[in-house]
Amino acid sequence: MSGSARTRVVIAEDEAIIRLDLKELLEEEGYEVVGQTGRGDEAVDLVRELRPDAAILDIKMPGLDGLSAARQITSDRLAAVLILTAFSQRELVEQAREAGAIGYLVKSFQKSDLIPALELAIGRHEEMVALDAEIGDLAERLEARKVIDRAKGVLMDQHGLGEQDAWRFLQTAAMDRRCKVHEVAALVVAGDLAPDA
C-alpha cells in the first residue's frame, strides 16, 4: 500500500496486550492505526473525529459495549465495523450482524483470519455507502420529477399553457432565477409564481 492510500483503522479493545498485538499485526500489513482505546464510548468518539476506513471493536468493553458502539458507528455509515469476541455463540454473531457489523472474529485469531475479514468489511461498507448515495439521488430525482409534473399540471390547468409551453416556462424561470427547475416548480405549485397573463 502506498503512503496516502493506506487503510486507516481505529482499534477498541479493553485488553491492552490484545490491542497492542492488533496494532502490530495491522501495521506489519501496511495499515495505519489512527486511534486506539479500551472503551466503547471513546471508540465512537474516535471514529467520529478521525473518520477511519474501519473500526475493530471488542464486544465487551467499559463505557459502551462493542455492539452498542457498532450500532452508533454503522447507523451513520462512519466506518466499516469488525467485531472481536472471545465467544462464537450464534446469538452473539446474530447480534453483531443486527448492530451493523460486517465482520466478526473470534479470539485468538491469526493474521490470516484478520486481514481478509477486515478487507471484506471495508469493501462491503464502501458498497453500502455508495448504495445509500445512489438511493438518496434516486429519491431526490423522483421527488423533483413529481414536483415538476405537478407544476406543469398547474400551468396547463390554471394558465392554459400546453405541456411544451409549461416546460419551457419552468426552464426559463429557472435560468432567470439561477436555480433548479424543480425549485421553480415548487414555487408554481405553491402559487408563488405564474406566467404573466
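The cover over the buried residues of helix 6 includes helix 5 and helix 7 (181–190). Contact here means heavy atoms within 4.5 Å. The model is predicted: local features need pLDDT of at least 70, side-chain atom pairs count only at pLDDT 80 or more, and totals for chains, interfaces and linings use all residues. Residues are numbered from 1 along each chain as its sequence is written, and side-chain values use heavy atoms, with hydrogens and water left out. Helices are DSSP runs (H or I, at least four residues), numbered from the N terminus.

The buried residues of helix 6 are Ala166, Phe169, Leu170, Ala173 and Ala174 (buried, under 20% relative accessible area; exposed, over 50%; 1.4 Å probe, protein chains only). They fall within an arc of 125 degrees seen down the axis of helix 6, so they line one face of the helix. The arc is taken from the directions from the helix axis to the C-beta atoms. Gln164, Met175 and Asp176 are exposed on the other side of helix 6.

The axes of helix 5 (residues 111–159) and helix 6 (residues 163–177) come within 9 Å and cross at roughly 120 degrees. Axes are lines fitted to C-alpha atoms over the stretch in contact, with angles from 0 to 180 degrees between N-to-C directions. Helix 5 contributes Ile148, Ala151, Lys152, Leu155 and Met156 to the contact; helix 6 contributes Glu163, Ala166, Trp167, Phe169 and Leu170.

Arginine 178 follows helix 6, with a positive phi near 55 degrees.

Note on methods
Helix = DSSP H or I, 4+ residues; strand = E, 2+ residues; numbered from the N terminus.
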